[in-house]
Structure formats: structure tokens, C-alpha cells
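Look at the chain below with its helix packing, charged pairs and aromatic rings in mind. The report takes these topics in turn.

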Amino acid sequence: MENSNRVNELCERAKNSVNKWRKEHFLPAVSFDMRYGIENSLTKTMLLLSIVLPDDYVSIVNQFPYYSLEDNFNFFSFEAYTDEAKAYISNDGTVVNDDIIIIDDNLYYRKQHNNIDKILILSAEIDVSFVLMFTQDSPEKPTPIVWCDYEDLYNYSETGKFKYKIDKWDSFTDFFEYLVEQEEKAQEDERNTSTLIQQPEPLAKKGFWSRLFGRK
């Protein structure tokens with residue numbers, strides 16, 4: 001129950017963050033009532049990839065398109081979303097569809113690597129990095145999330161160990177919280193930058209008063 005409440009609170013933070021940004025950019029708010037077909041996509045993903053998705057991931061995906069957060073990751077997605085493997089919300093507030101789906105991409109990487117059948121690849125930046133979910137045998141068990149170098153997936157598939165430094169979260173909820181925090185920070189940085197650009201330099205700093213009164 002505690003984790004369920006946390007997931008719901010994080011989803012609300014994410015929704016508020018998205019709509020706050022859209023309001024500031026004179027775009028219509030998103031209702032997020034667009035979960036059509038997602039249950040079928042989740043079920044298909046589990047069946048075709050022979051994995052168990054954790055409860056927190058299923059809950060988040062049903063409430064919020066996490067793929068739209070944080071530009072550092074090129075997320076794979078379900079049929080219901082995305083442009084160029086990264087979901088986004090269009091100017092009219094709708095989710096844009098795309099042909100790239102999480103199942104096809106995971107099957108592709110499974111053909112290239114050994115011993116990753118229980119790993120769900122959430123994101124792949126070619127020659128840069130992967131975001132991996134280590135699925136478990138029960139939906140109640142938390143699934144560690146690992147952000148690793150691109151070539152380190154091969155190292156793991158051959159030796160069961162990562163060679164280079166990784167970032168790790170104990171569950172998808174923890175990872176989602178990181179995405180929300182990064183999105184909020186990025187928006188705050190954007191606001192601060194915009195304020196600095198738009199705010200005129202103080203007249204005194206420009207020497208206005210010195211020139212006006214003939215002073216140096």
C-alpha cells in the first residue's frame with residue numbers, strides 16, 4: 001500500500017510538471033485519459049518476451065507515459081506511443097503514435113546477446129548506453145534498473161558482470177522518481193535561463209545614471 005501511494009504521488013507530480021510546462025508555453029493541458037489498449041500491450045509484452053512485469057511499472061505505465069520525461073534517454077515504447085522511439089505529447093495534447101515497439105527492439109537485442117532473456121531493455125542510445133530492467137519471477141518483487149554503457153550489455157551477457165561504472169536504482173519506482181526529479185530540474189533551469197535572458201540589465205549597471213548626470 002505504501003509503495004502504491006508513492007507511485008500515485010509520483011504520477012501526479014509528473015502530470016503536474018508536464019501541464020505546468022505546457023501552460024507556460026501556452027499549450028492546452030493534457031488530461032492523461034489516454035490509456036487505450038495499454039493493458040493489451042503490457043500483456044503482449046509479458047507473453048512474447050516471457051517476462052513478468054513488476055506491479056509498480058504496470059501502475060505507472062497505466063497512469064503516465066514515463067517515456068515523455070527526461071531527454072537523456074531514448075526510451076522504447078508500446079504501440080500506443082512515440083515518435084522515433086521516444087514518446088511525446090503533441091501541441092494539441094494528444095499522444096503521438098509510432099511504429100517502434102518495445103517487443104521488437106528487445107527481441108532484436110536478444111539475438112545479439114546471450115543470457116539477457118529476463119532483462120527488459122527500456123532504452124537504447126546507439127553506441128552510448130542502455131537502461132535495463134532486471135525482471136523477477138513475481139510482480140510484487142522490485143526490479144532493479146541499471147543504466148550502463150552501450151558495450152557493457154555485451155560484457156554482462158558474456159560474464160554476468162558489468163565492466164564499467166553503472167547507475168542503479170532498486171526498483172522502477174525509484175527510477176521513475178529520478179526521471180520526475182530530472183524533469184522538474186530541467187524545467188526550473190529553463191525558467192531561470194528564460195528569466196535571465198528576458199530580464200533587462202539594471203540601468204545603473206549600464207552607466208545610465210552616470211551619463212544622465214554627467215558623472216563618470
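A residue is called buried under 20% relative accessible area, exposed over 50% and partly exposed in between, using a 1.4 Å probe and protein chains only. Tyr109 is buried by this rule, with a relative accessible area of 5%. The model is predicted, so local features need pLDDT of at least 70 and side-chain atom pairs count only at pLDDT 80 or more, while totals for chains, interfaces and linings use all residues. Residues are numbered from 1 along each chain as its sequence is written, and side-chain values use heavy atoms, with hydrogens and water left out.

## Overall layout

The protein has seven helices and four strands. Helices (H or I, at least four residues) and strands (E, at least two) are DSSP runs, numbered from the N terminus. Along the sequence the pattern reads α-α-α-α-β-β-β-α-β-α-α. The protein has 216 residues, and 45% of them count as buried. A contact means heavy atoms within 4.5 Å. Take the contacts between residues at least 6 apart in sequence: 53% of them join residues at least 24 apart.

## Helix packing

Two packed helices are described by the angle between their axes and the distance between the axes. Helix H2 (residues 38-49) packs on helix H3 (residues 55-63) at an angle of about 150°. Their axes are 10 Å apart. Axes here are lines fitted to C-alpha atoms, for helices over the stretch in contact, and angles run from 0 to 180 degrees between N-to-C directions.

Which residues make the contact? H2 supplies Ile38, Glu39 and Leu42, and H3 supplies Tyr57, Val58, Val61 and Asn62. By type, these residues divide into five nonpolar, one polar and one charged. Nonpolar covers Ala, Val, Leu, Ile, Met, Phe, Trp, Tyr, Cys and Pro; charged covers Asp, Glu, Lys and Arg; the others, Gly among them, are polar.

Helix H5 (residues 152-159) has Asp152, Leu153, Asn155, Tyr156 and Ser157 buried. The buried residues of H5 pack against strand E1 (119-125), strand E2 (129-134) and strand E3 (145-149). After H5 comes Gly160, with a positive phi near 80°.

## Salt bridges

Side chains of opposite charge can pair when their charged atoms come close. A salt bridge is counted when a side-chain nitrogen of Lys or Arg lies within 4 Å of a carboxyl oxygen of Asp or Glu. The count comes to nine.

| Pair | N to O distance |
|---|---|
| Glu12 and Lys15 | 3.5 Å |
| Glu24 and Arg191 | 2.6 Å |
| Arg191 and Glu188 | 3.4 Å |

Glu12 and Lys15 sit three residues apart in helix H1 (residues 2-24), so about one helical turn separates them. Glu12 is partly exposed at 38% relative accessible area. Lys15 is buried at 16%.

Glu24 lies in helix H1 and Arg191 in helix H6 (residues 172-198), so the pair ties together parts that are 167 residues apart in sequence. Glu24 is partly exposed at 35% relative accessibility, and Arg191 is buried at 18%.

Arg191 also meets Glu188 in a salt bridge. These two are three residues apart in H6, so about one helical turn lies between them. Glu188 is partly exposed, at 37%. Elsewhere, a network of salt bridges links Arg6, Asp174 and Glu177.

## Aromatic rings

Rings of Phe, Tyr and Trp (its six-membered ring) pair if their centres lie within 6.5 Å; planes under 30 degrees apart are stacked, over 60 edge-to-face and the rest tilted. The whole structure holds 20 aromatic pairs. One of them is Phe64 with Phe176, a tilted pair at 6.2 Å centre to centre and 55° between the planes. Phe64 is in the loop between H3 and helix H4 (102-112), Phe176 is in helix H6, and the two are 112 residues apart. Phe64 is buried at 0% relative accessibility. Phe176 is buried at 0% too.

Tyr108 and Tyr109 pair edge-to-face, at 5.0 Å centre to centre and 80° between the planes. Tyr108 is partly exposed at 45%, whereas Tyr109 is buried at 5%.

Ring pairs also build a cluster from Tyr57, Tyr66, Phe73, Phe75, Trp147, Trp169, Phe172, Phe175 and Tyr178. Tyr57 of this cluster is also part of the contact of H2 with H3.
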